[in-house]
Structures are given as structure tokens and as C-alpha cells.
Amino acid sequence: MSTTEHSAQSSTGQRPDVGPDSNNGSPPPLADARQHDEGTLEQSKELRPPLPARPDLMERGQTAGAGSLRLSKRAARPQLQSQATTALSLADVHTADRLESGDLKSSPASRAVSRKPSFAYSLRHASTAASEVDDGASVRSDMPAAGSRLDGESMLGDLIEGASTPAFKALSAQIERADPFDGTLAEDDILSTQMQYELHDVASVDADGTNEEALLKIWKAKLKHFFILSASGKPIYSRHGDDQLISHYIGVVQTLISFYQGANDPLKGFTAGDARFVLLSKGPLNLVAVSRLGESDAQLRTQLESLYMQILSTLTLPSLERMFSYRPSTDLRRPLEGTDVLLDGLADGFTRGSPSTLLSALECLRLRKSHRRVVDETLLKVRSSNLLYGLIVAAGRLVSVVRPKKHSLHPGDLHLIFNMLFEAGSVKAGGGENWIPLCLPGFNNTGFLYMYVSFFSTSEDVHSPEAERPSSGGKDDELAIVLISANKDSFFELRQMREDLVIQLEKNGSMAVIKTAIRKGHASCADITPGTVLKHFLYKSRGNVQFTMPSFEPHFHGLVARRKLMSLYHNLHESIHSRTSHLKVQHTIAYDSTALAWETPLFELYCVASSNASRAALVQGANKVVSWIRREEERVFIIGGAVF
Amino acid sequence: MTDSTTASAPKPSSSVKLVLLGEAAVGKSSLVLRFVNNDFQPNKEPTIGAAFLTQKCQLPSRTIKFEIWDTAGQERFASLAPMYYRNAQSALVVYDITKPSSLVKAKHWVAELQRQASPGIVIALVGNKLDLCDDDSPEDDAQDGENVDGHEEEAVRKVSTAEAKAYADEESLLFYETSAKTGHNVSEVFTAIANAIPETSLKGPRGGAGGGTQAAISGGGGQDSSRVNLNARGDAGAKEGCAC
Ligand SMILES: Nc1nc2c(ncn2[C@@H]2O[C@H](COP(=O)(O)OP(=O)(O)OP(=O)(O)O)[C@@H](O)[C@H]2O)c(=O)[nH]1
Ligand SMILES: [Mg+2]
């Protein structure tokens, strides 16, 4: 399928033959996936409107020139114009910027340097690239067959040269950083030692400044920082440290930014010591990410985009621009009052590692297809006239969505909503029902929408409004009904809709089904892929812009282990998304983990196992995941959703 | 929106719309949480937008069902306030007795309500966080109410009872000092409001919270620079060709 996408330039990749498989005459699992996927795509075309372009594929298309995936290239925010899609659209606001940054980079060499952190991973992870250069196509689709027949050896072997060119080695050697899962090499494992304090707040500087030095030490030890400042250098937001503590550093950043801007060559990123700095300029704002977690520039930029979207969500773009055009020295802190909680929520999510942001995709609650259909139909039935989007959300996962045919939902917007509801806590803490003005920049960054939110506790069965007020409680057992309208006076209308919805859902048994599914939580990896070596995986369905994963428990317990896992995923993700290497399959081995990334036009799959797992075993696990998805696709993903 | 005259209650039952207004962090949500759930959270996060809650209040002669709008005190939401007080029969204007600026803000709200809200609206002025100055006898500090500004001292009363009471009397407001933390006087405020609602305005069902007017009314002095432009949403539909 994509042989034309990346013309084969390298002979490093061996192409195993795809032969008839021994599996009862049925095609081998992964090779089959291709046919199957094509089938799915076609089939789904009948069921739902065509898909919009995919941002990541669009990028790829740009890099690789012509491709078989002929997706229309669009301008910055492609889907804002009434593009009908499945439940979610891919239009993240990031697309344009990534393209732009790619284009601006002068040479492959400079690009490689700017991407240093992404290579760093290979320092300790002997990286076995299935296709270091552009011949991924055949390997990609054939790999499965090989995997099941030949234990993956023929396809994954012999490719280390690609990753060990002198240049690459030199590059890697410059970087000192920690691996994920580093339990034993404590000396340089900043992650394990620092991560547990990472999210603690830095205290304020005393009036007499005596504690400043101590605080600075704590501040500097943070693995990750986010700053937002105005073009004129006024601090707007910092995740850690108060103004007094950081003013000096903000000054330095501002000097750097304006120096390069003065030279008409905006600074995009640089490395200082073990920290990567990535800068993003957005109109009157400059956003800065500093990370020692080894994320790539593109990944950090995505995170900054998300913070920027939160600011737009509070202010709207026109109002932001107006403020600065009237008064360039505007202090944005006041108009943004209260938004810092939401920014902190996002920032901490990124520090913990957010699969949703990494993959620009959403996670859904697993429900039987028939159950989901009943929920969808109920939503459509009780829909009120002023409704724009309706969502049922459980513990950060989408249960169901109702939306107009013309408007898709943008993962970035949903991420903001989820962050507000489940991370920042202010909405839930308010109790009762909420009516919240907000801008959803992916939908329309110029105006406000109004969001009705009510929470249910899934632990009780009472459903009278008086009983739905969990004043505290874990986010894992909570169900929210979110109804969004463009009409600010429609609170009572939407409230009525919520009431009708709940009554109907109770009556047709859906509420019980949803609550049971929430209480069950994520399935464990062992349940999904029994008998395989896999400890965790992320599977992203590109067409649905959704992902699914098993529970972190029991293998990844606590903040540090999870962050290590997420760092590994970030590295895998970068290895197949980096413009400099078009890998389709990536296998990495570290002393305490092995991992496999596998990309097709239809999905991305990242699998992790312990260090002694063989490639063959990993491949087998990957196959298991893919066939599980094939069986479960309509359960783990929302396909279509309720459209009116 | 329905008038919930429930058949089960033998007493006549009527709903009363109540709006809470006041500077950020004075304890509006905490008062509501105390009234509705009899609970208190020491580190309550700021309200975003507004929260809607209901709670019944038993009077000897009837049951009052409060329909409460707990609004956000942060100034960026100030322009939305008219939407919530427009049809309100009662308002709780809250200040923090340890923060003089919050009384200034409260006075602004009272003035705005008197100008813009329904003519018969019952307003209660509430000085919250009384627990922070349990030790002081209220009258002791009567004279420094006015001149202390923004001291970071340990929880001392900064607004005297006498001063606030005098103002409340002048404007014919109900007046209470409360503590959402201890619960002191909280249900008393709501009961007093319930009693003060004229019988005549308790009859018949009422409309919902909104007509279609823009939130064009200023929330008081000095807010214009930080006001979020909410009118922009009109453009949204047009630009997107949104037909929904
Ligand atoms: N000691 C004490 N603290 C209180 C009392 N009431 C509220 N607080 C605290 O004051 C802070 C702000 O309370 P909120 O109830 O969120 O204030 P609010 O008026 O709703 O604030 P906004 O929603 O931002 O307008 C929280 O930390 C509360 O715990 C009180 O009676 N005594
Ligand atoms: Mg509040």
C-alpha cells in the first residue's frame, strides 16, 4: 500500500516473503491486518462520511513527496469547515505548525541536531530498526507474516548499521540522560529520584528572601517546566516557582527569544546540559517548554500547543489579540485568573505522561456495540434543539457522543474539557450542575460556547438530582454528562435534556451497563493478550482518532514506573514519527525492557515487554493485540457516534 | 423549567430563585455546600462559570425549594452575572470579614442588583469566615474596619459588624455574619430569605433563567479591561456556517 509512499532507497531492510500461512489456511494475522483494514475502511465508508486528512500522514506526505495515501493537504485548521467525520476529527491545531517548523529547518543536519533528545534513547537501547530508511512498506505489512512464521528474525535482524552510523553515534554520545525503567543505574537516574517530587509545588519566596537559594535548588531540579510570557516579556504563567523566584530566568528567556526574533530567525529550540528547550511563538505569546524527560521537539511543541489552546479557551483569539493590540504591555494574568489551575492540570498531565496527548487521540469506554447503540439512540432521542455536542464521559474516557453531522469533535478540545472535568477538579468540587462558558479553539477560536456539566457517582444507584453530588471522590468512578450549546441561555433546556437522558438510560438499562463498565476499569494486559510477553501497549486507530490500552497495573505501579513507560512510548513514537527516519517497525531492547512500535496507515501500535522477551515473542504479542482489536473494534472505539 | 410543587408535601411548596454574588474566594460556594450538603472543604477551588444547586427549606407554613446559582467571583465571569440574577427573587451578596476590599465589591453588587434585578428582589448581605476571628469580640475592632488594607496578618477581622450592619440597614438588606466552616448562621440566612420573600411572588410557576438578551451589563466599576467578550459567539455560527 505504501510502497510508493516511501520509495525504497535502502537495502538494509530484508523483506521476508509472505507465504501461505499455516494457520488453518487463514492468512497470517498481521498480513491479514492489511486486507482486513482496507476492508474496514471501505466498509466503514458506507456507514459514515469520509474521513478528513490525517495530520500525521499529511506531514509524512510532505516529507516523502508523493504517496499512495493521497490525502488532501489543507491549511492550518482543516476541519473547522464543516467536515463530516467519525466521532472525532483529526484537525488538531498542531498540524500547520509542525509543517511550518519542518519547512523552516534549513538542512537535515541541523534538523538532526535539533532532534537530539529523540536519538538519545538509543544510547542504552540497542535500537533495531526494521527499516531505517524509507522501505518500510513491505516490511510493515509483511512483518506479521514473518512474525508468525519466522519469529520475526528475518525481518528485524541485521539492521543495526542504520542506527550506528558514526554521525548517529556521535550524536547519541553527546547526550547524558536516563532511560525508562532504570532501576539499577541509580547514579544518573534523575527520573527515579526526581519524579516523585516533580509535581510538588515550590513554595513562595519569603519576604526577606532567605529561602530563595533553597527554593531555586528545588526549582532547578524539576524535570519539566512550562513558561508562558507575553511578546513583551511579561510572565503570564509558570508551572513552578513564583514570580520573584523565576523573574531572572524569564528575563533570560525573553532576551534569547527577542534576539532571534530580531534576526528574523525565530528560535525553535536548543539544548542546555541535559535539558531540552522548545519555544513556540503564538501571536502575542511565547510559550517555552523545558524537559529533561527526553521528549522530542515535536512532542514538546504539541504540549505547548495544548497550553495555548487552554488560553484561547479562556479568552478566545480575538479577545487575546485585541488586548495586546490595544496595549502590548497588557498583563494577561488578570483576564486569565483561575486558568492557572487548568494549565497546571495540563502541565502535570504532560509530566506524568499523557497517552492521549502523545497520540492526539481519545480513549473510549469499552462497551458492547449493541449497548453503545442504545446509548447513542437515546442521546438522539432526547436531544434538545440548542444542543451542539453532547458527551457522556466516564473517568476521562468517552462513552458516547452526539454531534451535528457538520461538526466533528477535536481531540484537542476534548482534552481541554477532560482536563477541566477530571484533572483540575474545580467543576466537580463545585457540586451540583455547572454552566461554564468556554471557547473550544479546535471548533472555533473566536467565540464562546456554554457547557452544561453534571456528575454522577457510579457507586450509588440513586439518581435524583439531590443525590448526585459527590463532594469528593476518586475520578475513576465518575460519570459526567456534558452538553454543549452555542446559546448561553439554554441552561434549563439542557438541564431538562439531561434529566430526560438519565431517565431513559435508567429505563433501558444503559446506565447500569455504563456504571458496570466504569467500575470494571481497564482490562489487564494479561486478559487481553493472554499467554504473551506483553506488559502494556498503546493502540491508536488513526481513522477513529482514538486509542485503547490496558491497565497500568500490575506492572506499572506508581508515578515513576508510569513515567518510565510513557517515556518509552514517547521514544517509540518519535522513532516512527521523526521526519528523519521513516520507520514502520521499531524494536528496541534495553536491559530492563523491550519494546516494539509498529505503524500502518490504519493504526499505530506500541508494545512493551520485559527485557528478556524475544522479538518473536513481542511480535506474537503485537499480533494478539491486533487480532483482539479486530474482534473488539466496535467495542473499544466509538465508530460514528450519534450524528444528527 | 418547572415549578416543583410536589404532591407529596402536605404543605404548599414553592421554588425561590436565589443567586450568590461576591468577590472571588469569599466563600460563596462554601456557604452553598454547607447549606446543601452540610459539608465544608478547606481548599475549595474557584468556581468556573456558575453552579446550579437546589435545596429545600422548611418553613412552618410552607416548603421553599431554593434554586441556587452559585456564580464565580473571578472578574472574567462578571459579565455573565446578569444572566443569573435577571430572574432571581433573592440574592446573597457575600464578603469576607477579613478582607475589606470584598465589602467594597459587595456594595457594587448590591447597587447593580438594585439597578438591574427584579424590583422586589430580597437581598441579604453576608459577612463570611466569622470563624477566623472567633477570639475577637466583634465590637472591639469596630474602628479599624475601614483603614486596614491587604495586611497579610493572621486572620483578623477587618470589617466591623457595625459598619456592615449600618450599610445593610441603609439599603434595607438582611444582614448576617456566617462561617461556612463551622456552619454558624448559614441555615439562618437561607431561612430568613425564605421568610422575607413576599407571599405574592411565591405563586405560580416561573420562567427559566433567561431571556435572550446579551450580557451587556457591567458588573461594576473597573472591570471593563478584563471582561471577556462573549458577544463573539454570534460570529461563530456565521463563520462556520453552523446550522445546528
Ligand atoms: N476559615 C474559613 N474559610 C472559608 C470559609 N468559607 C470559605 N472558606 C475558604 O475560602 C476559600 C474560598 O472559598 P470558596 O467557597 O471557594 O469561595 P467562592 O466565593 O466560591 O470563590 P469563587 O468561586 O472563586 O468566587 C476556600 O479555601 C474555603 O475553604 C469560612 O467560613 N471560614
Ligand atoms: Mg465558588
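These are short notes on a predicted model, taken point by point.

1. **Chain A overall.** Chain A has 644 residues, and 63% of them are buried. Its secondary structure amounts to 24 helices and 18 strands. Take the contacts in chain A with a separation of 6 or more: 72% of them join residues 24 or more positions apart. The accessible surface is about 22,900 Å². Carbon and sulfur atoms hold 53% of that surface.

2. **Chain B overall.** Chain B has 244 residues, with 53% of them buried. It contains 6 helices and 6 strands. Their order along the sequence is β-α-β-β-α-β-α-β-α-β-α-α. Of the contacts in chain B with a separation of 6 or more, 72% link residues 24 or more positions apart. Chain B exposes about 10,300 Å², and 50% of this comes from carbon and sulfur atoms.

3. **The magnesium site.** Which residues coordinate the magnesium ion (ligand 2)? They are B:Ser29, through OG, and B:Thr47, through OG1, at 2.0 Å. B:Ser29 sits in helix α1 (residues 28-37) of chain B, while B:Thr47 sits in the loop between α1 and β2 (50-58), so the pair ties together parts 18 residues apart in sequence. B:Ser29 has 11% relative accessibility and counts as buried because the cut-off is under 20%. B:Thr47 also counts as buried, at 11% relative accessibility.

4. **The shell around ligand 1.** There are 25 residues around ligand 1. The closest are B:Lys28, B:Ser30, B:Pro42, B:Gly73 and B:Asp131. Helix α1(B) gives the largest share of the shell, with 3 residues. By type, the shell divides into 9 nonpolar, 9 polar and 7 charged residues.

5. At B:Ala25, a backbone N or O atom is 2.9 Å from an oxygen atom of ligand 1. At B:Asn128, an N or O atom of the side chain is 3.1 Å from a nitrogen atom of the ligand. At B:Lys129, a polar side-chain atom is 3.1 Å from a ligand oxygen atom. Ligand 1 taken alone exposes 650 Å², and the protein buries 91% of that.

6. B:Asp96 belongs to strand β4 (residues 90-96) of chain B. Is B:Asp96 buried or exposed? B:Asp96 is buried, with a relative accessible area of 5%. Its side chain makes a polar contact with the side chain of B:Lys129, at 3.4 Å. B:Lys129 also has a polar side-chain atom 3.1 Å from an oxygen atom of ligand 1. Setting aside neighbours within four places in sequence, B:Asp96 contacts B:Ala25, B:Val26, B:Ser102, B:Asn128, B:Lys129 and B:Val159.

7. **Helix α4 of chain B.** Which residues of α4(B) are buried? They are B:Thr161, B:Glu163, B:Ala164, B:Tyr167 and B:Ala168. What do the buried residues of this helix pack against? They pack against β4, α3 (100-116), β5 (122-128) and β6 of chain B. Strand β4 is also where B:Asp96 lies.

8. **After α4: B:Ser172.** B:Ser172 follows α4(B) and has a positive phi, near 55°. The residue is not a glycine, so look at the backbone here. B:Ser172 lies in the loop between α4 (161-170) and β6 (174-177) of chain B. At 65% relative accessibility, B:Ser172 counts as exposed, because the cut-off for that is over 50%.

9. **A:Thr316.** Chain A has a positive phi to check as well: A:Thr316, near 75°, in a residue other than glycine. A:Thr316 is in the loop between α13 (297-315) and α14 (317-326) of chain A. Its relative accessible area is 0%, so A:Thr316 is buried. B:Ser172, by contrast, is exposed.

10. **A cis peptide in chain A.** The peptide bond from A:Glu553 to A:Pro554 is cis, and its omega is near 0°. Where is A:Pro554 found? A:Pro554 is in the loop between β14 (546-548) and α23 (558-577) of chain A.

Definitions and conventions
Residues are numbered from 1 along each chain as its sequence is written. Chains are lettered from A and ligands numbered from 1 in the order in which they are written. This is a predicted model: local features need pLDDT of at least 70, side-chain atom pairs count only at pLDDT 80 or more; totals for chains, interfaces and linings use all residues. Side-chain values use heavy atoms; hydrogens and water are left out. Donors are N, O and S atoms within 2.8 Å of the metal (3.2 Å for Na, K and Ca); water is not among the atoms, so sites may look incomplete. Helices (H or I, at least four residues) and strands (E, at least two) are DSSP runs, numbered from the N terminus. Buried means under 20% relative accessible area, exposed over 50%, partly exposed in between (1.4 Å probe, protein chains only). A polar contact is a pair of N or O atoms within 3.5 Å; within protein, one must be able to donate a hydrogen and the other to accept it, and residues adjacent in sequence count only if both atoms are side-chain atoms. Contact means heavy atoms within 4.5 Å. A residue is near a molecule or strand if one of its heavy atoms lies within 4 Å of it. Accessible areas come from the Shrake-Rupley method with a 1.4 Å probe; for residues, only the protein chains shown count as cover. Ala, Val, Leu, Ile, Met, Phe, Trp, Tyr, Cys and Pro count as nonpolar, Asp, Glu, Lys and Arg as charged, and the others, Gly among them, as polar.
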